Amino acid sequence: MKPTFYITTPIYYPSGKLHIGNAYTTIFCDALTRYKKLNGFDTYYLTGMDEHGKKVETSAIKNQKSPQDYVDQIAEETQQLWALLGIQYDDFIRTTEKRHKTVVQTFFEKLVEQKDIYLGEYEGHYCIHCESFFTESQLLENNACPDCGRETQKLKEESYFLKLSKYEKKLADYIRANPDFIQPETRRNEVLAFIEQGLNDLSVSRTTFDWGIKVVSNPKHVVYVWLDALTNYISALGYGSEDAKYQKYWLGDEVLHVVGKDILRFHAIYWPIMLMALEIPITFKLYAHGWYLMKDGKMSKSKGGAIYPEVFVERYGLDAFRYYMLRELPFGGDGLFAPDAFLERLNFDLANDLGNLINRTTAMTEQYFKGVVHQKNAPNDFDFDVEKTVVDTIAQYHEAMDAYHPALALAATWRLISRLNKYVDETTPWVLAKADDKAPLENAMYHLLEGLRIVGILLKPIMPSTSESMFKILNVESSSDTFESLIFGHKGSYQEIQRSIALFPRLDIDVELKALNSSLETPPAPVTQPMAPEVSIDDFVKLDLRVGLIKACKKHPDADKLLVSEVDCGEEKTRQIVSGIAQHYTPEQMVGKKVIVVANLKPVKLRGELSEGMLLAGSNEKQLEVVSVDHLNPGDKVK
Ligand code: ME8
C-alpha cells in the first residue's frame, strides 16, 4: 500500500481579493503534493475558505451584500484563481458548509460537557481584523492591535472559555518530545517561549454579532472563528460521520499543516490543545513560512495595496510565476517581492540558463545528428563531473523537498543547469563536429540531453508545463519521465528531437518594468466591479425597483459605516433600509432624498438591524453617490 500524505493550506478569509502572499502558500502546498505523488505517496490536498466572523461580515456590508452571497462570490473567485495557478487540490472546504458546522457544534458541546469549555465574562480590546482579544498591556499606542496595528475596540461580553491553562504543560512536553512538530526550529522556540509565560484561558464564543456557527446549548453565542476554522482540517475528512478519509489520511503516514508565521500560535497552541481535550491524536507537523513583503511593507487583503498574481501569470506565464514564488522566499524567513527582481530572475535563470541550454542542445542535435543521438562510449574529461553533479543534485533535491524546502531544491536544480551549460563550453561541440570520428560529439550531445531530461523531471512539481514542454521537445516517453527514471543513462537514445521554440524569451527589463509598474499601480478592481455574467430580460424584470422618499435617517447603533433609513415606498407602512453609506452621507443629508429602492429584495439583518430593501448607489475607488430623482413620487416604478 502507498504511504499517505495529507497536506493543508490555511483556509483563507474572504475579506478581499487574494494576493500573492496567499498564492504563495497554495502554490507551495501544490508543489509538495505533486512531489509526494511522484514519489509514490497517496496524497490528499485540502484548501478552502474561512467564512465566518466579524471581519467577513464587515466586508459583506461594505460590498452591500448579505454575508452568504458575499462569501459565495469570493469562494468562486478564489477557486478561479487556483485554477489559473494550476493548483490540484482534492477538496475545497467552506466553513459555511453543513458538513463542517456539525463537527464544530459537536466538538463545542463535548468540550462544554467535559468542562474544558466554561461560561465566563470577557473584557478586553478586540481587533476585528485579527479576530483576537488583547489585554491593555499587549496593545500598542492608541490602543492599536499588536499584530496588525489597526485600532481595537473595547468590548465586554459574556463568553465561553477554553481551558488552555489545563493543557499547557502537556503541550510543552509534547513539543519538546517531538522536535520536528513545529518547523523551522526558530518558530518552535518562539512557541515554547510563549507557553512558558503561561497560557490564559481562551475566549471561544461571541455574542456581539451572529455571522458564525451557533452554540447549540446557548444560541445567543456563536463559536469563535478560530475554533471554527481550525476544525476544518478534520471536518473536511468526514470526522464523526463518514470517516474513511479521516482514518486514511489523518491517521495516516504524514500530515502537514502549512501556515504563515502570523498564524503560528493558533496552530501550534490552540489546535493541539483542542485535539488533546477531544482525545483526537495529534498527527500533524506544522510548517510556518515567512512573508512576501513589498518594498513599502506588508500586504493586506482588506486594506488593498497588495500585489496580485494575475498580472504576472498573464504576462509571463504560470511557470515563471510559480518558479519565482518558490525560489525567492528563504526557509521560514521573509522575502521581498519586487518586480525588478522578478524580471531579472526570468532573464537570468529561465531565459539565459535554462532556455539557452535547451535551445543550444536541441539546435546542435538537429544540426549534427538530425535529431537522433545514442549513448556512446567515447568519454571526455568532463563527463564524470557532470554525471556526479546529476547524482548530487538528485540527492540534494530529494533532501530539500522532503524537508519542505522547494527553494533549496530549485537552487540544486539550477546548479545542474549551470554545470550543463559549462559542459557545452568545455566540450565545444562545434569543434568536435569538425572531426571525422563523430562518437565524441555524440557522447557530448547525449550528456546534454540526459542532463536536460533529469532537469525536466526535477521541475515537474514546481513548473509542470515547462517540464511537459521539455519532454515534448526531447521526445521523452512517459516511462522515462518518472522519479524512478532519475538515473543518468536511463534513456539510452534520443530520436526525433524537436528544435525548441524559445520557452522563456529574453525580456527587455526597462520596457517590462514600465509595463508592470503601471499595471501594479492600477488599484485592483474591487470585488464588485468585474462585469457580472449576462442575464436575460426575464431575470432583470424580477427586480422591483421603486422610488422611495427618505423620511428619517440615523446612524446604525453598532456600525460606523451604516445608516438606517425610514423609507416611504408608497406603501401603507414605511420600510427600514440599512445602507453602507455613512462614510459618504450624514443622516441629515439623506432625509428628503428620493432614492431608488430594490423593493422586493429578501429582508436581511445587518448587524442586528432589519433591512427591507436596498438603495441604489454608484461608486468608484474614491466616492459613492446615492442615485436619486427629483420629480417622481414614492412608489413609482423604475424600469
Ligand atoms: O489567517 N506572504 O486567513 P488569511 C506570505 N483564515 N503569506 C501571506 C502573506 C504574505 N505577504 N499574507 C498573508 C487566515 N499570508 C485564517 C486562517 S486556518 C485554520 C485560518 C498568509 O486569509 C498568512 O500567513 O488572513 C496565512 O497563512 C494565509 O496567508 C491566510 O491568511
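Predicted model: local features only at pLDDT ≥ 70, side-chain atom pairs only at ≥ 80, totals over all residues.

The paragraphs that follow go from the sheet to a pair of helices and then to the aromatic rings.

To find one place where they meet, look for Leu 46, whose bridge partner in S3 is Asp 91.

Turning to the helices, you can follow helix H17 (residues 439-459) and helix H18 (residues 464-474), whose axes come within 8 Å and cross at roughly 155 degrees. An angle over 145 degrees counts as roughly antiparallel, and H17 and H18 are therefore described in that way, as roughly antiparallel to each other. The crossing in which H17 passes H18 is left-handed.

The aromatic rings come next, and a pair of such rings is described by the distance of the centres and the angle of the planes. A search of the whole structure finds 36 aromatic pairs. One of them is formed by Tyr 24 and Phe 28, a tilted pair with 5.8 Å from centre to centre and 50 degrees between the planes. Both residues belong to helix H1 (residues 20-38), and because they are 4 residues apart there, about one helical turn separates Tyr 24 from Phe 28. Tyr 24 and Phe 28 are both buried.

Another pair, made by Tyr 287 and Phe 331, is stacked, with 5.2 Å from centre to centre and 25 degrees between the planes. Tyr 287 lies in strand S12 (residues 284-289), whereas Phe 331 lies in the loop between helix H12 (318-328) and strand S14 (335-336), so this pair ties together parts that are 44 residues apart in sequence. Tyr 287 is buried, with a relative accessible area of 1%, while Phe 331 is partly exposed, with a relative accessible area of 32%. Tyr 24, Phe 28, Tyr 287 and Phe 331 are among the members of one aromatic cluster, which also includes Tyr 292, Phe 312 and Tyr 316.

Finally, some rings have a charged side chain over them: Lys 36 lies over the face of Phe 5, at 5.1 Å from the ring centre, and the charged end of Arg 265 sits over the ring of Phe 266, 5.4 Å from its centre.

Conventions. Residues numbered from 1 in each chain as written. Heavy atoms only, no water. Phe/Tyr/Trp six-rings, centres within 6.5 Å; stacked < 30°, edge-to-face > 60°. Helix = DSSP H or I, 4+ residues; strand = E, 2+ residues; numbered from the N terminus. Buried < 20%, exposed > 50% of the residue type's maximum accessible area, 1.4 Å probe, protein only. Lys NZ or Arg CZ within 6 Å of the ring centre and 35° of its normal. Pairing = 2+ DSSP bridges. Axes fitted to C-alpha atoms, helices over the stretch in contact; angles between N-to-C directions. Parallel < 35°, antiparallel > 145°, perpendicular 65-115°, else oblique. Left-handed = near helix turned anticlockwise from the far one by under 90°.
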